[in-house]
Amino acid sequence: MNKQSIFLYGPSGAGKSSVGKLLAENLKLPFVDLDQEIEAHSGLSIPEIFSKEAELGFRQREQLVLRNAISSIDQVVALGGGTLTNHESRQLVESLGHVVLLNAPPGILLKRLKSDDNHRPLLAGDSEKKLAELLLKREEHYASFPLQVDTANKTPETIAREIQTHLGMFHLKSMATVQLPGYDVRVQARSLDHLGEMLVTRGLRGPVAVVTDENVGELYLARVKEILTNSGFETRGIIIPPGEEHKTLETVSNLWDAFLSTKVERGSTVVAMGGGVVGDLAGFAAGTFLRGVPWVAVPTTLLAIVDASLGGKTGADLPQGKNLIGAFYPPRLVVADPQVLATLPETEFISGLAEVVKHGVIADALLLNLEGLAPRKLGVLREELQGLEKIIRRAMAVKIRIIEEDPFEKGVRAALNFGHTVGHGVELVSGFKVRHGEAVAIGMVVEAQMAEEIGLASAGIVNVISAVLEKLKLPTEIPPHLNRNAIIDAMKRDKKKADGIVRFALPAKIGDVRVGIEVENWEEMISVNISI
């Protein structure tokens, strides 16, 4: 079984209870405070138990209550500071989910404890001395937990978000309605093997229609059908042609026909397994079939994982422009398994890195420090899954935070369009021979140049962004053979314009992208083929 409970552990004063409540709320999971459960079970306060039964009696009660409190459903549990010194208790919780050790310097722990009304028997008397002794005694024990979060000088909200990013566990609720609940995002190795369990847990039903393209289907369709069948789902595969050139209403119509022939009902589930094109098309087809069928995103490209699978945008292209037809129709679940990237062609992997860089420019400068992604190391990185997962989770966390703040792109979410206004024009005019990520890379450089030209950004930001992109073997200039007037015409038809005016998302600096910016002479900048 794919257990995903989260156990917060660490010394008193580390913030387990306050962070745990927020984390449970963020993930829409039940919250359990083990000390409160012990008191409720015994009818005694923690100090009373220590007074009557000493620490040995308390630990026996703690182990019993821990076993009873842990249910088969995922939850967030705040443990006591010594709960896992018991070997059996540690084995139990580690078999059921993730242990996150929270810690802080002794001085900060002591300050928090002095402002807390709770009485800790093990720290009674000279609390400073007792705390130092307890930390020394448990130093090796605490150090044995691999996932640790320093809580010093951080708010509980920041700590909860940091834990979610570490674990690749998110819940998006800003687009939720009575008909469309919020949805979970899981970014974990081998999560594809648990797809059937995750559908069952969330009450999703069959028949399941797995939509994929010819390339991905050859690699993963048989495996996914077997996984779903083993979980009790009647499953059918629907294969569409690969590539942006097939992101059309004709393909959507073919999907509707396939849904009918595979007996998809309003209570059925559509699984979109593939890159951004598959997700957009299958999500749109699901949202418009029988007035809405639940769907699940299983992204299989880096670009789709860090960007396209998130936010509920679905749709198709018209000959005049990208994504001119579409709707917000969020999935019920996003399952991102980084291991599928092992089969992704190198060019597609590099293309996806452009969206990682974009998220770095918007809100996380650490994503621009991609020395490990130098061209000769790209293949190695995919083998070193843990390092790649960290990058993916940080990039996804940027987008998730933005779309939760502005789900329907009325304001700050437009920052995610950085590089896309120019990029979509380049992509379209190239006949999609320039990949999406490559076009976005070009668009980021051109749009950063615009920001410098109008004085929004200080000189140098173009060089910063270009240097990162060049290191990743991504293009930074509009290909000379592309017709500039055609690119300008495509940009004028872009769906992001308002009141007939093309508006841009432009960087003022790394970590600050402004939205709705008018650039008076943008056509001239495109026509002269900006280069640096």
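Visitor: Rings of Phe, Tyr and Trp (its six-membered ring) pair if their centres lie within 6.5 Å; planes under 30 degrees apart are stacked, over 60 edge-to-face, the rest tilted. How many aromatic pairs does a search of the whole structure find?

Guide: This is a predicted model, in which local features need pLDDT of at least 70 and side-chain atom pairs pLDDT 80 or more, while totals for chains, interfaces and linings use all residues. Residues are numbered from 1 along each chain as its sequence is written, and side-chain values use heavy atoms, without hydrogens or water. Tyr9, Tyr142 and Phe145 form one aromatic cluster. For aromatic pairs, the search of the whole structure gives six.

Visitor: What is the geometry of the pair Phe259 and Phe289?

Guide: Phe259 belongs to helix α10 (residues 249-261) and Phe289 to the loop between α11 (276-288) and β11 (295-299), so the pair links distant parts of the chain, 30 residues apart; helices (H or I, at least four residues) and strands (E, at least two) are DSSP runs numbered from the N terminus. Both Phe259 and Phe289 are buried (under 20% relative accessible area; exposed is over 50%, partly exposed in between; 1.4 Å probe, protein chains only). The centres of the Phe259 and Phe289 rings are 5.3 Å apart and the planes make 70 degrees, which is edge-to-face.

Visitor: Are α10 and α11 parallel, antiparallel, perpendicular or oblique to each other?

Guide: Their axes (lines fitted to C-alpha atoms over the stretch in contact, with angles from 0 to 180 degrees between N-to-C directions) come within 9 Å and cross at roughly 55 degrees. The contact (heavy atoms within 4.5 Å) includes Trp256 and Phe259 of α10 and Phe284 of α11. Angles under 35 degrees are roughly parallel, over 145 roughly antiparallel, 65 to 115 roughly perpendicular and the rest oblique. The relation of α10 and α11 is therefore oblique.

Visitor: Why are α16 and α17 oblique to each other, and at what angle do they cross?

Guide: α16 covers residues 420-429 and α17 residues 436-453, with axes that come within 7 Å. Among the residues in contact are His420 and Val426 of α16 and His436 and Met450 of α17. α16 and α17 are oblique because of their crossing angle, which is roughly 135 degrees.
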